[in-house]
Every structure is written in C-alpha cells, then in structure tokens.
Amino acid sequence: MLSKVQRSFRPVSVTLRRLHQSALDVVEHPAPEDSVTDSFGRFIQGVQPHQLTPTLLHRSKRMVLDSIGVGLLGSTTHVFQLALQHCQHMYGPDDISSVYGRRGTRLSPTLAAFVNGVAAHSMDFDDTWHPATHPSGAVLPALLAVSDMLPSNSKPSGRDFLLAFNVGIEVQGRLMRFSNEAQNIPKRFHPPTVVGTLGSAAACARLLSLERSQCSHALAIAASLSGAPMANAATQSKPLHIGNAARLGLEAALLASRGLEASPRVLDNTAGVAGFSAFYEDYAPRPLASPEEEGLQFLLENQDIGFKRFPAHLGMHWVADAAAAVHKLLLGEQGSGGRGHGSGVVGQVQDILLRVPRSKYIDRPFPESEHEARHSFQFNACSALLDGEVTVDSFSQEALQRPDLYSLLGRVHVEHPHDNPANFDRMYGEVQVTLVGGDVLNGRCDTFYGHWRNPLTNDSLRKKFRSNAGAVLPREKVEGLIEAVEGLDRLEDCSPLLEQLQ
Amino acid sequence: MSATLRGLHQSALDIIQCPASEDSVTDSFGQFIQGVQPHHLTPTLLHRSKRMVLDSIGVGLLGSTTHVFQLALQHCQHMFAPDDVSSVYGRRGTRLSPTLAAFVNGVATHSMDFDDTWHPATHPSGAVLPALLAVSDMLPNNRKPSGQDFLLAFNVGIEVQGRLMRFSNEAQNIPKRFHPPTVVGTLGSAAACARLLSLERSQCSHALAIAASLSGAPMANAATQSKPLHIGNTARLGLEAALLSSIGLEASPRVLDDTAGVAGFSAFYEDYAPQPLTSPEEAGLRFLLEDQDMGFKRFPAHLGMHWVADAAASVHKLLLGELGSQGMGQGSQVVGLVQDILLRVPHSKYINRPFPESEHQARHSFQFNACSALLDGEVTVFSFSQEALQRPDLLALLGRVRVEHPQDNPANFDRMYGEVQVTLVGGDVLKGRCDTFYGHWRNPLTNESLRKKFRSNAGAVLPREKVEGLIEAVEGLDRLEDCSTLLAQLQ
C-alpha cells in the first residue's frame, strides 16, 4: 500500500506556470520558498534524527508512555465504546490498525486513529503543554495507525517513529506561537482541534516520507478539517476533538500523498483571504528555521510538558493540591476531636472560598456529569477537601453523587483575583476554608506536582502508567511497553511497541 | 444519564443564568427538525426543492468525471474496507460505506463549482443531498423513505442552513474567513440526516452540536483543488454527527445559543445574534425557500463570474457586429481589435485573479471569465479544459485587463453587478452590463433550461434511459411511495 501511496503523486499545472511566469507580479506573490508554509514543509521533510537531543528523547519518550497509558485506561470509557461501535457498524471490517486495549480488534487506519484518540482524551487525563493544548493524543494514535498500515518488512524504526512524533509536537507548538490569543485559556476554538490536526498531518507526512511540497499541502488540507468550538468541551463530545484531530490529520497526509493540493500559503497572512489565520483574532506567523541551518531548536527542549496526576482539566490540579493541604490541616483539627473523615469534614466547614482565574468553562458550581466534574474548580476542591486527593475514582457515578460532596458544594464561592490570570504558566489556586468555630484554614498552590515547572519523576510517571495500563493489559504487556518505550530510539523496528497495545 | 443529579441540584440551580432548555435557540432547532410535517411543504417549496435535487444530481454526475473526484474515490477505496452499501454517482457497481459515499458524491457535486448558490451565500444542496442518498441506501429495502419523507428531510437541511446564515451580518457578503458551506452545510447535513433517521428531538439538537465540532474550513483553500472536499466533508461529517447522535453521543445543549465566554456555533462569526425557529406546531412557520429562490449556474464557475460573463457576452455580440462589417471570423480577430478591457466588479480578493494557473483558479477569476466570453460569446463547461486555459488568444486578452471596484458595487450576490468596457484599437468604446444574470434567483432558469443543463450533465455518464428516468423520478418525487426509483438510477 505504501508504494501505491508513494506513486500517486501527480504534478499539476506545470505548463501553465511556465506560460505565465513572465506575466506574474512577483512582488505580490513571493516565491513559495520564502513562505512560512513552505518553511514548515521543509522542516517536516528535512529534519534529521541527529537533531533529536538527549533532552528531546527523554521528554518525548515520557510523553509517548503517558499517552499510551491514558489511552489504554480510556478504552474502558462509555464514549470510547460508542466511538468504536460507530466505526464497527458504519464501515466494512478491516484488519489493519489496532485499537487500544481490545485484543484482536483492528480498524481501518483513520478509524483506529479516531478511536484511540478518543480514548486518549476520554477522561481528560492526557498531557498538557504551554501554550495550552493536548499535544500527544493528536499525534500518537495517528502514528501508531500508520505504522500498523506499513508492511511488516518496512515498519519504521523506533528512531523514525520518535522523530515523526517530535515533528508533530513541534508543529503544534510553533503554530500556537502565531497568536497571542493562544496564551490564555481558550474561549473560541478548542486548541487541540486547531493545532492538533496540523500536528497530526505533519507527523504522518513525515512518517509516510512525503515530499516537501506534499508536506505543505498536508498542512493545508488539514486546515480545512480544523477548528471545533469550545462549547463542546466539558461535554461527552470533547474526547472526539482529539480523536478527530488525529484521524483528520492522518487523512490530510494520505490525501496529500495521493497528490491532492490545497492552498500553498495556508499558514501565511494573506490580506482578505483567511488561511490558518481564520482561527485567531490576532495572527503573526513566522517561518521555521531550515533544518539544514545550525540553530534549529525544538520547543520541547525549553518548554517541558505537564502530566496529570488525576483525570481532570489542568486547572483543577492547582485547587486540588491547595485543597489537599487544607484537608491535612482539617485532619489535624479533627484528630484533636477524635473523629474520621467525610461527615466529620462537613460538620466542621462553614464556608469555602476559592481564588482562581476567571474561566467560564471550568467554573461549574454544580456539575451534572463526570465530564462537567472534570471541568469544575468547585468539584475538585471539595473532593480533595473530603478525601485528601483527587483520583480516577473521584469521578465515578457514586463519587459524583455523594451527599457529603453536595453539602460542601453548597458552601463554595469563587473569587477571581486580578493577579490570577487564565494562563497555565502563571495561575495559582487558593482554597480558604472557614470553620464553624471561626478559624480560617488556607491552602495555596502555585505549581502543582506534574506541572512542567515541577515535573513528575520517572517513578511517578511509571506508577501512573502501570495503574492505567494495568486496568486493561496483563502485567507482561504493561512492563513490555515500559521497556519498549524506554528503548524506543534504539529499536530497529517499532513492532515491539505496536504488538503490546492490546 | 444524570437524572438523579439533576433532581438533587434543581433547587440549587441559578435559573436566571440557565434558562430552561426548552427555551433555547438550540432546542427550537431540534424541535423543528423532528416536528416539521409533510403538509408544511407548500407547492412553491416542492417545486423549488425538486429543481434543486435535479440540478444537484446532474452536477454530481458530471463531477464524477473529474480528477479530484477520482482522487477522493481512490482514497476511500484504498484506505477503508470494501462495503457494498451506498452508491457512488455515475459509477455502476461502485458502492461505499455511507459516510464515504456522501463524501465522494459531495466532492463530485462541488468539483466544478457548478452547483447551486443561495443568498446569503452558500452552496446548500451539495451538502445535504449526497448525505440523504447515502442514508436512503443504508436503510433496508422494505423501509426506504417515501419520496415525500426524502423531500421533507432535504428541505429541513436547506432551511437550517438558511436560518443559521441569518444569525450573522457577516454572512451577507462574499466570505473572507470561513467558507460558508463548511460552516452551515455541516449542520444542514446533520439536520437532514437526523430527520431522515427519525431521531428524537434532543438527538436532533445533539446532532447539530456534534456537527459544529466538525465545521469550519478557511477560505484560503477555495480556488484550490481542495475546495470540492469542502462540500464532500460537510455532507459526510454532518451524516456522521447524526449517526453518532443516534447511538447516544451528546454535545453542548446550547451550541447555537450565545453564551458569554464560551463560543459555540458563534465561534465562526464576528457578530452573532441567533434566533429561535418557530415551533412546527404553531401556524406561521414559513420556510425561507418560499421567499428566497435558489440560483442555478449556467456554466461551472463561481457565481460572481456569471455577471461578467453575461456582460462580456453582450460586448462580444457588438464586436461581431464590428467584425461582420469587415467580413472576418472570431478569435484572433477579436484579439486584433481589442486594445483595453476594463472590468467593474465588486472587491473580492479570491475571485480577482489576473492570470489563473489552473482550472480551479480560472473558475474563480473575473478576468478569465470575461475574456472567455469576449472570445466565444459564452462560457461553458469546455471553457475550463486544459486546452482552453492555454489558448494564446486568451492569454493575450488577459494581459489587457484592468479591474475597478466601484463603490456602488458591493461584494454581495443580491446587489452586485458586472460591467465590461472594451476599448478598441480604433478608439471606439463598447460596453456591456449585467445586473441579474440568467439563472440568478431574480431571473430563474426556466424548467426547460434546467432540464437541458441536466441532460447535458447526466448524459456525460449515464445512458439516456437513466437520464430521462431521473428527470421523471424527481418530477414525481413527492408522490413516490418509495425513493428507490431515484436511488437505482444514479449510476
């Protein structure tokens, strides 16, 4: 299939271009080699394995491991099941690309990318970067699907796989820096659906060894498949945002490999005709340095990723850590009264004040579903106040309906201090609890454990992975995956990775 | 799902902040989609929508001969398993999974920019019809929709698009940010499919919301080879949204409403003021198509081209007169006579292309279409072939074109005009002006002209019996008990 894919490139309009060359107004249309769009195509096609520094290898392998783990756990969710059923019923059976955690279940490549992407984001447990997006879930499922698609005797090496992965991450990071709007918690479009689709297209174009212009066209085709509104975040459909980014980016690369062309200036700023700029209010694109020049540095080298300790929106992690600190103080208070948790806490607490950034979609006083609970400052603060931590189990139906929790939710109010911006790099979370006796307990978190400024240790990351992957895989595969990812850049063939995902 | 939780929270809910969902714009759309009845289809609606169905099938059939269609079809056949469900325009025996058939047939429909155009601007039928055909093929033989059900679902898909476009003033003018079919078309397709699949009211609303996350393609890809995929994708992804909703997927229940700080469908517009739809149970529900007819194209190019083509065609007649008096022919003689060409057209960057480099660009070039009509007296399907694009006569004329954007000529399909002013080498000046081209909703194609277009298009790929069979099936569509007669003749 790959050779078919590679042979299908077809040059268009060569004759016409020559006829018009003398008539072209070059001032109006600079040569494509100078465009931002073309610099991206050149980067995708031209970057070399030696440009993966030890830091990049280390950080990106952690991302691959965590993404697989959250995807595996995500394969137990209802929304994943729904997505899988849709693919199995609405398309012919196809035994190509494997589905996370479901032994023997395979789908056509773009459909596998879709369901695995849904799994990765199904619990909002996947990685988060700055500026804000969930980069790995948009890229990894697509690369795994492509790898499964390639013939057994020409699977990518682990190094090629990692390089393509880093290309997909880098492109997302670069695109987000085209706009100031991307710096803050989003209001219009959900970032993974804006940059993630192009990241997936870039990574797949790389792994499919597309030519430079095909890489650019893959980005442009992907742009027409990008952009989902924020309103669908904190609904059951949010995981499909990542599923679609992975799937549609792969589709864009496949169409480009067949010769489909789109706007050669999609990333550039053309007055009167919006390209990728359509998704932003302010837009200032910049070209990528040529891979052949010195000084090309990947963003991941200087800006690490945040990994979550529990499955909820990143903002929740600050209030959870702050509330956990107050919980400890409460235990101290209770200890002196000789009682336990739960109703003991409820009996003590008169009032809860949260000081958090202003962001409508994570400000939910009474969440009505697990999805909304994962996007509720109030819910996560109260859960941590009650239990001392937030975990995967904090979002079960039983946990959501706890009377203790409701009682506390009814006592919360929220403030948005001026010095607390809706920005993952600068926000903080404060929890202030007034006790019935009048005492006031304070907790504050500036940098939660797992944030890029305070990264999870390798130990913590593996513990999270074992817990997640172990929910669906036997122990040998769990350990096998840890080993395969750890040595990924040294694997001659990435099959050991592919074979242990279900 | 969360009935218990809602019960527990009811007393705590801030009602002012969250009005009952039954009052939301989003819910009014769900109610409309599920509740509209066959009797709502007036004779005018039946007439106009059947013409749209016929024209859309015809352009789709012709479109199945294009390279981009072939590319899309190959992608679907190679990247997915064989699936013998929904038929592909013009390719006997070729069937695909339903969403993939909707995709390729949508691509075919828009592949030559020959499909219908409405006001405010979008291409409504190509986003909806391929999806409905795919669904109909999917339903079991003993439960195919009646022609009336099919037409009703079609009209639902058109109406939803029209209503959505009226939520924004931005939609009134030639677009700059998002290509309109990809904004409203996806939701139109979702609505039509939700109707044909008989989804419940809330499922209809969720189908719209799921579709919103699959909407929105930037204008930069218009006038490229990828533009046809915009319509293919809206048909396909709208159908997908309805299918996901049918198995219980939910999304934002207020996607169409204007919620401060969290964009829903409003994300695609600068200004946004949504309006609820009247309940189908009340009197006075009126479809937009009743009052705003559809524009059909006489040749495969962007709608704006039709004004300059008609204006240039009238100048061509005058030129023939000049040439006639000297007893010479067309072509190079025209070139010899013309010193200067001035076009007075609206300001719109993406249809202002002095030297188009591909057929796609040529379909979006005031200059190209004016010069073609100056040379030939008309623009046709053949004006965009590789040979026609490279004609030395044409290139010579293109080099003599200037463009002006008069203040009184807005980038708006309801109010624009096209003027062509040719200065001859002798000094004479010939003028042509078109305010309303033939085929515009103010000057609609006669039934005869529409069928002539259809026969020419469909006849490119189908045998005569099927061409005539389709004309007959569509003409009697609202009386067909079973739409299989339509489905069986598309390839």
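Predicted model: local features only at pLDDT ≥ 70, side-chain atom pairs only at ≥ 80, totals over all residues.
Residues are numbered from 1 along each chain as its sequence is written, and chains are lettered from A in the order in which they are written. Local features need pLDDT of at least 70, side-chain atom pairs count only at pLDDT 80 or more, and side-chain values use heavy atoms, without hydrogens and water.

**Exercise 1.** Work out whether the length of helix α4 of chain A fits its residue count.

*Solution.* Helices are DSSP runs of H or I, at least four residues, and strands are runs of E, at least two. Helix α4(A) covers residues 54-74, which makes 21 residues. The expected span is 1.5 Å times one less than the number of residues. That gives 30 Å, and the end C-alpha atoms are 30 Å apart, so the two agree. Now check burial: buried means under 20% relative accessible area (1.4 Å probe, protein chains only). In α4(A), 18 of the 21 residues are buried, so the rest of the structure largely encloses this helix.

**Exercise 2.** Find the edge strands of the open four-stranded sheet in chain B.

*Solution.* Two strands pair if DSSP finds at least two bridges between them. The strand order is β4-β3-β5-β6, with mixed pairing. β4 (401-404) and β6 (429-434) each pair on one side only, which makes them the edges. Strand β5 (418-424) runs antiparallel to β6(B), and six bridges join them. There, G418(B) stands opposite C434(B).

**Exercise 3.** Describe how chain A meets chain B.

*Solution.* Count contacts first (heavy atoms within 4.5 Å). 73 residues of chain A touch 75 of chain B. Next, look for salt bridges: a side-chain nitrogen of Lys or Arg within 4 Å of a carboxyl oxygen of Asp or Glu. The interface has two. E240(B) and R247(A) form a salt bridge at 2.6 Å, N to O.

Notes. Buried < 20%, exposed > 50% of the residue type's maximum accessible area, 1.4 Å probe, protein only.
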